[in-house]
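Subject: Structure for your review

Dear colleague,

Please find below the structure that I am handing over to you. I would be grateful if you could read the notes that follow with the structure open beside them.

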Amino acid sequence: MKGKLEEPVISAPKLDMKMAAEVERTLSPGADGGRQFDMDDFDILDAEQGADARSLELKGHVGFDSLPDQLVNKSVSGGFCFNILCVGETGVGKSTLMDTLFNTQFEDEPAAHDVPGVHLKSKTYEIQESNVRLKLNIVYTVGFGDQINKEDSYKPIVEYIDQQFENYLQEELKIKRGLHMYHDTRVHACLYFITPTGHSLKSLDLVTMKKLDSKVNIIPIIAKADTISKNELHKFKIKIMSELVSNGVQIYQFPTDDETVAELNATMNGHLPFAVVGSTDEVKVGNKMVRARVYPWGTVQVENENHCDFVKLREMLVRTNMEDLRETTHTRHYELFRRCRLEEMGFVDDDSDNKPFSLHETYEAKRVEHLNELQRKEEEMRQMFVVRVKEKEGELKEAEKELHAKFDQLKRQHSDEKKKLEEKKKMLEEEINLFNKKKQAAMAAQQQAQQAAASATQTIPKAHKKKSRPPSRVWRLVGCWAFPPTDSHPGTPDWRHPASSDVHRRNVLQNLFPSY
């Protein structure tokens with residue numbers, strides 16, 4: 001009947017006799033020494049049967065032809081991400097070209113030329129066109145080409161790209177993965193800005209692109225192409241491509257396997273590198289406003305293909321091959337990095353005996369290898385420790401000998417100084433004893449003199465009392481007595497002796513003045 005859909009009759013694939021015998025042998029209990037049936041056997045059979053799958057025609061509409069629309073709707077609802085790496089010297093126009101390419105004004109501060117080293121600055125933006133949301137991540141190289149020694153200028157760029165691959169790999173290896181929510185920061189396109197010298201590529205450009213060609217999709221562009229003439233620009237493009245080919249630098253080629261864009265991409269591959277001019281200023285040309293750069297000699301329109309290749313770059317990068325750039329990054333560059341990292345970790349697809357890969361066995365082998373490596377390092381550290389301890393003991397013994405020698409020397413110096421001090425002390429004691437003896441002799445002589453003076457004072461006759469005289473005469477009389485004795489006055493004391501003089505003067509005054 002018309003309008004009635006008949007269910008297609010699909011017959012199961014027939015098993016040949018050899019396969020049937022293998023299945024019967026496998027399913028039979030106790031076969032091969034009691035080997036039991038495993039689910040892996042089903043996988044093997046499915047794989048063998050899948051190789052002989054037949055193509056059938058449907059007799060009516062089923063509805064799975066809407067699967068592309070489902071994928072489109074799901075992708076649009078989830079949004080897309082695209083990451084661009086801009087490599088070039090400071091002031092070559094990287095930020096201006098990004099603003100021109102996406103027709104917006106990204107917030108970016110100009111970089112200085114006195115940066116000590118190269119570092120990368122990343123910024124993420126959310127932009128939307130119609131109902132398509134795009135998470136755009138732009139990475140700039142700050143300080144690239146500003147140093148005198150440019151030998152290691154490419155290393156921060158390579159490290160950044162590898163780090164993004166490593167982050168994605170770590171997320172992929174987690175037990176609970178969240179790749180559908182993970183912000184993929186792997187670089188999808190690298191716009192390499194070439195300075196418009198008009199001669200040839202710099203050695204820094206060749207070395208950097210050679211280090212990056214296996215890690216990222218490189219699209220070379222000539223920045224500020226309005227600074228050189230058309231003839232020079234054409235020769236410069238030919239020179240750049242010849243140098244890239246001669247040095248083995250692999251740049252991104254637009255794919256030609258899709259018939260819808262094969263002709264366009266093949267044509268655009270012949271225009272590489274693109275000579276671009278960037279500007280966000282709008283200028284009135286004729287009856288319409290266009291983005292252009294105004295010079296005294298004329299106006300350079302950004303979107304005029306006779307003036308520059310900006311339209312070609314935008315067409316290839318954004319409008320035609322953005323998804324291919326994303327896919328190439330994942331299937332080629334990331335897979336290469338992933339394979340190398342897993343091989344470093346000890347994972348292989350097949351072992352030396354062509355046996356299937358076993359994660360458990362690989363883990364155990366890697367674990368044993370790691371433990372052996374730790375033991376080896378521990379033994380090396382122990383031996384090194386013993387050697388260093390012996391060296392330190394030798395140093396301490398030498399230091400101890402030096403201290404002992406120094407101590408003995410100081411001890412001898414101390415004993416010599418002690419002997420000298422004892423000799424000086426003995427001499428001082430002898431001098432003190434001699435001085436005390438002299439002092440005692442002097443005191444004894446003084447006492448004898450005092451005793452002699454006292455005995456002489458007692459033998460002097462008392463003077464007769466006289467009438468009182470005026471004080472002046474008394475003092476004159478006293479003054480007379482104060483003079484030294486003469487030979488005409490026998491029996492008088494020795495007035496030259498101080499003690500005798502004082503005693504005699506006191507006696508005279510007592511005789512003259514009884515009340516004295």
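How do the residues of the lining of the largest pocket divide into nonpolar, polar and charged? There are 16 nonpolar residues, eleven polar ones and 13 charged ones in that lining. Please bear in mind throughout that this is a predicted model.

The largest pocket

The space in the largest pocket comes to about 1500 Å³. Its lining is made up of 40 residues, and those that lie nearest the centre of the pocket are Gly79, Phe80, Cys81, Arg133 and Leu134. Several elements give two or more residues to this lining: the helices are helix 4 (67–78), helix 10 (310–320) and helix 11 (322–344), and the strands are strand 1 (80–87), strand 2 (119–129) and strand 3 (132–142). Helix 4 provides the largest share, with six residues.

The cavities

In general, rolling a probe the size of a water molecule over the atoms shows where empty space is left. Across the whole structure, a search finds three cavities of 30 Å³ or more. The second largest cavity holds about 40 Å³ of space. Which residues line the second largest cavity? They are Asp213, Val216, Asn217, Ile218, Gln250, Ile251, Tyr252, Arg332 and His333. Sorted by class, four of these are nonpolar, three are polar and two are charged.

Helix 6 and its neighbours

Helix 6 (residues 155–172) packs with helix 7 (residues 203–212) at an angle of about 15°, and the two axes lie 10 Å apart. Angles under 35 degrees count as roughly parallel, and helix 6 and helix 7 are therefore roughly parallel to each other. Their crossing is right-handed. On the side of helix 6, the contact is made by Ile157, Val158 and Ile161, and on the side of helix 7 by Thr208, Lys211 and Leu212. Four residues of this contact are nonpolar, one is polar and one is charged.

Helix 6 also packs with helix 11, at an angle of about 80° and with the axes 10 Å apart. This angle makes helix 6 roughly perpendicular to helix 11. Helix 6 brings Asp162, Phe165, Glu166, Tyr168, Leu169 and Glu172 to the contact, while helix 11 brings Thr329, His330, His333, Tyr334, Phe337, Arg338 and Arg341. By class, the contact of helix 6 with helix 11 has five nonpolar, three polar and five charged residues.

Yours sincerely

Conventions:
Residues are numbered from 1 along each chain as its sequence is written. This is a predicted model: local features need pLDDT of at least 70, side-chain atom pairs count only at pLDDT 80 or more; totals for chains, interfaces and linings use all residues. Side-chain values use heavy atoms; hydrogens and water are left out. On a 1 Å grid over the protein atoms alone, a cavity is a set of points where a 1.4 Å probe fits but cannot get out, and a pocket is an open set with protein on both sides within 12 Å along at least five of seven lines; lining residues have an atom within 4 Å of a point. Grid points are joined across faces, edges and corners, and a volume is the space filled by probe spheres set on the points. Helices (H or I, at least four residues) and strands (E, at least two) are DSSP runs, numbered from the N terminus. Ala, Val, Leu, Ile, Met, Phe, Trp, Tyr, Cys and Pro count as nonpolar, Asp, Glu, Lys and Arg as charged, and the others, Gly among them, as polar. Axes are lines fitted to C-alpha atoms, for helices over the stretch in contact, and angles run from 0 to 180 degrees between N-to-C directions. Angles under 35 degrees count as roughly parallel, over 145 as roughly antiparallel, 65 to 115 as roughly perpendicular and the rest as oblique. A crossing is left-handed if the near helix is turned anticlockwise from the far one by less than a right angle, and right-handed if clockwise. Contact means heavy atoms within 4.5 Å.
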